[in-house]
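I'm going through one structure and jotting down what I look up as I go.

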Amino acid sequence: MSRIIAFSNYKGGVGKTTSVVNTAHVLALQGYKVLVVDLDPQGNSTLTLSRSNPFEHQYSVGNLLADRDLAIEKCLVHTPYNVDLIPANLNTYSLVAGLPANSAKRIFGLKNRLAELAGTGRIHDYILVDCPPQIEGALITNAIAASDYYILPIEGESVYALQGVGHLMQAMEAIREDSNSGIRLLGALVTMFDGRTTAGKTVREAIEQYFQDLLFKSVVRRNTAINKANLSNRCVCDMEPRSAGCMDYTAFAREMVDRLDKMHRH
């Protein structure tokens, strides 16, 4: 059975997409079969993993949700990182907006399509969903309805880091109830952390107090390797395998897998 994990935060610039692509790459390096579903129409996961312009792909996740007759295999892109991808681009918004208001695809489109994919015998150990930066709408609803867990990336240096987190979690809970989803919070991941600054330490303490055991012990430190990789649209372990950025995402991926294993044992 695939473990389906959504990475979600409606704030931009918190390291959401960076965490999706780098976690996916690390999992693939560890021998897991990984699929990334890009539900963010900005298409940055698509750009990084496929190493090509999001508009170059014939089909996007928008086509997949809008066209019942389109086979899911036609949307799959095998990337240079040995990660499978269902791409997104800016057309995704209009394709999904065009769905009838009462269409079940607005809620269960992705869930049903991923079940179809499993039915073809293409099994992925992990499916990571890059959510749009929203707390409502058909794309985020599809992500929540399809996922088993969600991870909240939180910027570790902003004094506004926790602002709106409660609202986001309430919105996730409301969609969970409406879609009858079993999704639950797997944990919060601190990104862009700088432990040398007072702000960094203060914010980390506040996040720790808020999430307690649900906070991942691994943190992603602010470092130039991740910035360089992002600017080059590459994964950090591909560009600088000995960097702090690669080490941090490797540690996080291990902790995420361990946490899931423990939860499934109980």
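This is a predicted model: local features need pLDDT of at least 70, side-chain atom pairs count only at pLDDT 80 or more; totals for chains, interfaces and linings use all residues.

Entry 1: I started at glutamine 212, which is exposed, with a relative accessible area of 55%. I placed glutamine 212 in the loop between α8 (198-211) and β8 (215-221). What is phi of glutamine 212? I get a value near 50 degrees, positive in a residue that isn't glycine. For reference, most residues other than glycine have a negative phi.

I then turned to asparagine 180, another non-glycine with a positive phi, about 55 degrees. Asparagine 180 sits in the loop between α7 and β7 (184-193). Is asparagine 180 buried or exposed? I read 72% relative accessibility there, so asparagine 180 counts as exposed.

**Entry 2: α6 against α7.** The axes of α6 (residues 138-146) and α7 (residues 165-179) come within 9 Å of each other and cross at roughly 70 degrees. That angle falls in the 65 to 115 range, so I call α6 roughly perpendicular to α7. I noted the crossing of α6 past α7 as right-handed. Which residues meet there? From α6 I list Ile140, Thr141, Ile144 and Ala145; from α7, Met172, Ile175, Arg176 and Ser179.

**Entry 3: leucine 27 and its helix.** I picked leucine 27 in helix α1 (residues 16-29). Its relative accessibility is 0%, so leucine 27 counts as buried. What does leucine 27 touch, leaving out residues up to four places away in sequence? I find Tyr32, Val34, Tyr126, Leu128, Ala253, Met256 and Val257. I also checked leucine 27 against aspartate 125: they are 98 residues apart in sequence, and their C-alpha atoms are 9.4 Å apart.

α1 and α11 (residues 244-265) pack at about 75 degrees, with 9 Å between their axes. That makes α1 roughly perpendicular to α11.

**Entry 4: cysteines.** How many disulfides are there? I count one. The pair is cysteine 237 and cysteine 246, with their sulfur atoms 2.1 Å apart. The torsion about their S-S bond is about 105 degrees, so I put the disulfide down as right-handed. Both cysteine 237 and cysteine 246 are buried.

Cysteine 131 is in no disulfide, and the nearest cysteine sulfur, that of cysteine 235, is 18 Å away. Cysteine 131 is buried, with a relative accessible area of 0%.

**Entry 5: serine 103.** Serine 103 is in the loop between α4 (91-97) and α5 (105-119). What does the side chain of serine 103 reach? I find the backbone nitrogen of lysine 105, at 3.1 Å. With 15% relative accessibility, serine 103 counts as buried, because the cut-off for buried is under 20%.

Technical notes. Residues are numbered from 1 along each chain as its sequence is written. Side-chain values use heavy atoms; hydrogens and water are left out. A disulfide is a pair of cysteine sulfur atoms within 2.5 Å. Buried means under 20% relative accessible area, exposed over 50%, partly exposed in between (1.4 Å probe, protein chains only). Helices (H or I, at least four residues) and strands (E, at least two) are DSSP runs, numbered from the N terminus. A polar contact is a pair of N or O atoms within 3.5 Å; within protein, one must be able to donate a hydrogen and the other to accept it, and residues adjacent in sequence count only if both atoms are side-chain atoms. Axes are lines fitted to C-alpha atoms, for helices over the stretch in contact, and angles run from 0 to 180 degrees between N-to-C directions. Angles under 35 degrees count as roughly parallel, over 145 as roughly antiparallel, 65 to 115 as roughly perpendicular and the rest as oblique. A crossing is left-handed if the near helix is turned anticlockwise from the far one by less than a right angle, and right-handed if clockwise. Contact means heavy atoms within 4.5 Å.
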